[in-house]
Amino acid sequence: MKTLCILYFHNVTCSGLDGPKVTYFEKQIKLLKEYFKIVDLDTVAERILSKSMPKQPEVAITFDDGFYSNYAYVEPILRKERIKATVFISTSHIYEKRVKRYNLFDYWEGKCSLKDIEQPYPNSLGNRVSTSEYKDHYMSEEELMEIEKGNLKVESHGHEHIKVFTAPLELIDVWSDRVAIEKYGRYVWLKKIYGENRVRKYRYLPVFKFASFHKTNITKPLIYELELIIDLYKKGRNIKDIQKSIEIKGYSESMEEAKKRIYNDLVNSKERLESLLNKKIIHLAWPFGEYSSISIETAKKAGYLALYTTKKKAITENSSIYEIERISVPKKDIELFIKLLKMIAWN
Ligand SMILES: [Zn+2]
């Protein structure tokens, strides 16, 4: 009975399409509150640094990405239940319009209907590139200031939330239909890597193995390599065959360039949030939970004190402040959720 755990959510919606339904989320929060002491991330960090695990199970609640739903539903519910949580924001996703939209408080006060809050939430939004067409799914600066004053504290999820090609370049597919790229949100970041124009220009688009922007060196295929691949693909050669028959070197970023890129990204996010919220940002959760020893060193240099992963474990005396474990919350299955609670309570 000495568990310390961090749970993480993403989106919470009325439809339940992308994350738990609001009504279900409220139940989850009530159950957590009933059986555990809810603590904030400063408390968790202190416990890890001093190696003092709690006598009764403690749980910290976090959210990744900064969806509008966190302002609309989550913060009002947290405030009603008198518990605090943290949301990790990727600053490139902040909705640029200076607006404060409707939330549950407005609904409870009769100022709007639930429909005025609800928005269509496509799946895997967290994987989308922050083009303006999706940005209204995220919180604005005004909304971030509002939740920070309330019960949902803001910390960093880096600036970019994208995947880049890993080195060495490993060909995994060739999209032959631009619609497929649009349809599979997972690959929308190709726009970011290739540039919007090339995605539009090429009917065929070679796809290489991805990793998080913060994990790896960036390698970009050269134009003539892309053309070679497309040419062979059109001739009916399969992916494995193409990979074997041509050497794809690409342009590879040096280690120094990679460190500089990651450093700039992490400082950018930190400074933007600090000036907006007038507080120190010291907690960082890695996008996609992907990181490397280089990104850890870089985050320390950028001034972050506690780094959060998605290693699905409870925190122990042996946990590192630079690789803090977090457990994802089952989105729909109440049985699984209760199983998780039992696991935390009787660990
Ligand atoms: Zn994320």
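## Exercise 1: Domains

Task: find how far apart the centres of domain 1 and domain 2 are.

Solution. Taken over C-alpha atoms, the centres of domain 1 and domain 2 lie 34 Å apart. The bounds, which come from an automatic or database domain assignment, are 4–161 + 257–345 for domain 1 and 171–208 + 219–252 for domain 2.

Before you go on, some bookkeeping. Residue numbers start from 1 along each chain, as its sequence is written. The model is predicted, so local features need pLDDT of at least 70 and side-chain atom pairs count only at pLDDT 80 or more, while totals for chains, interfaces and linings use all residues.

## Exercise 2: The buried face of α2

Task: work out which residues of helix α2 are buried, and where they sit on the helix.

Solution. Step one is the labels: helices (H or I, at least four residues) and strands (E, at least two) are DSSP runs, numbered from the N terminus. Step two is the burial rule: a residue is buried if 20 or more other C-beta atoms lie within 10 Å of its own, exposed if 12 or fewer, and partly exposed in between, with C-beta atoms placed from the backbone.

Step three: in α2 (residues 41–50), the buried residues are L41, V44 and I48. Looking down the axis of α2, they fall within an arc of 55°, so they line one face of the helix; the arc is that of the directions from the helix axis to the C-beta atoms. On the face turned away from that buried side you'll find the exposed residues L49 and S50.

Step four is the cover over the buried residues of α2, which includes β1 (4–9), β3 (58–65), β4 (85–89), β5 (152–156), β12 (283–285) and β13 (306–308). Just after α2, K51 has a positive phi of about 50°.

## Exercise 3: α1 against α3

Task: describe how helix α1 and helix α3 pack.

Solution. Two packed helices are described by the angle between their axes and the distance between the axes. For α1 (residues 22–35) and α3 (residues 68–81), the angle is about 35° and the axes are 11 Å apart. Here axes are lines fitted to C-alpha atoms, for helices over the stretch in contact, and angles run from 0 to 180 degrees between N-to-C directions.

Next, list who meets whom, with contact meaning C-beta atoms, placed from the backbone, within 7 Å. V22, F25, E26, I29, K30 and K33 of α1 meet Y73, I77 and E81 of α3.

## Exercise 4: A cis peptide

Task: which residues does the cis peptide bond join?

Solution. A167 and P168 are the pair, with omega about -10°. P168 lies in the loop between β6 (163–165) and β7 (171–175).

How values were computed
Contact = placed C-beta atoms within 7 Å.
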